[in-house]
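Student: Could we go through this model together? I would like to see how its chains pack.

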Amino acid sequence: MTDHHDHDHSELSETELRVRALESVLTENGYVDPAALDLLIETYETKVGPRNGAAVVAKAWVDPAYRARLFTDATAAIAELGYEGRQGEHIVAVENTETTHNMVVCTLCSCYPWPVLGLPPVWYKSAPYRSRAVKEPRGVLADFGVTLPDDTAIRVWDSTAEIRYLVIPMRPKGTEGWSEQQLADLVTRDSMIGTGLPNAPEAG
Amino acid sequence: MALDAQAAAEATNALRGLPRDDGGPVFRAPWEAHAFALALALHQRGVFSWSEWATALAAEIKRAQAAGDPDSGETYYQRWLATLERLVADKGVASAETLHRYRDAWNHAADRTPHGKPIELKPEDFER
């Protein structure tokens, strides 16, 4: 098995290079306003991917055998549900427990498990998030409205070009007997990045 | 006219083959959304009409099929990107040479950028 951590520079695929080339030429020519472009792209962030991820999480909550496969080889377990990324990209599932909370950061917009989470949110790519997530994760979580018990350890995972992390949040209490579909509706994008928690079941 | 969901809906209506679900266009990777948004922006600037775009895209798909492309949904945005490149060159917006120079510069920028830092294009990326 090769060491996935030994790449110390960034990689862009041939396709990404061509898209970036177009984007910068058109921006310089004044044909494209990058801010307007970002705004439009942002509207797609929440559209597709996070539903894929939510299905993975919900299945892991109800199916112990799937859960085991997910933590052994997440790329394969996710592909079982029909969600596949580019070759050579591995997704690693990290499990939130009562004692450990996981949070994912990456400084490159391309380092994001998009087959399961869709397009990265703008804040994920922002300098403040990238720099603060590692240094003061608790402060970042507070900004997202998440407060964890003091004795919960926070692990921050830095994505690489080859390894993307998917946080598997804890199943909300009070959801015994729920279907996968019902459970998937509780799983938010941010809960799979680790900057949020799944929605609580509605009272009553 | 703003570059917004309404413009996207208009494009989705005009382009039958566009991968979509009930909520509008869907993308398999971030770059696809970028390529989509770029076409939207150029359309708004009046560089091409959607019917002109559809004709160019169909020609691109035909060319790829002739070269053995299976034309599955997976390659739709590859053809889309090729169409963008062709049209901006045909319309005199940016030549193939310019695009190639920028492509090389981005590659250089990626190479010199340590993992974990945002990749930014700098003037020296063009000097090689």
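Predicted model: local features only at pLDDT ≥ 70, side-chain atom pairs only at ≥ 80, totals over all residues.

Student: Is Ser24(A) buried or exposed?

Tutor: Ser24(A) sits in helix α1 of chain A, which spans residues 14–28. Its relative accessibility is 12%, and the cut-off for burial is under 20%. Therefore Ser24(A) counts as buried.

Student: Which residues is Ser24(A) in contact with, leaving aside neighbours within four places in sequence?

Tutor: Look across to chain B for these partners. With the sequence neighbours set aside, Ser24(A) is in contact with Tyr102(B), Trp106(B) and Leu121(B).

Student: How are α1(A) and α2(B) oriented: roughly parallel or roughly antiparallel?

Tutor: Good one! Their axes lie 10 Å apart, at an angle of about 30 degrees. Angles under 35 degrees count as roughly parallel. The contact includes Val19(A) and Leu22(A) on α1(A), and Ala35(B) and Leu38(B) on α2(B). The angle therefore makes α1(A) and α2(B) roughly parallel.

Student: What is the handedness of the crossing of α1(A) and α2(B)?

Tutor: Handedness is a separate matter from the angle class. Where α1(A) passes α2(B), the crossing is left-handed.

Key: Residues numbered from 1 in each chain as written. Chains lettered and ligands numbered in written order. Heavy atoms only, no water. Helix = DSSP H or I, 4+ residues; strand = E, 2+ residues; numbered from the N terminus. Buried < 20%, exposed > 50% of the residue type's maximum accessible area, 1.4 Å probe, protein only. Contact = heavy atoms within 4.5 Å. Axes fitted to C-alpha atoms, helices over the stretch in contact; angles between N-to-C directions. Parallel < 35°, antiparallel > 145°, perpendicular 65-115°, else oblique. Left-handed = near helix turned anticlockwise from the far one by under 90°.
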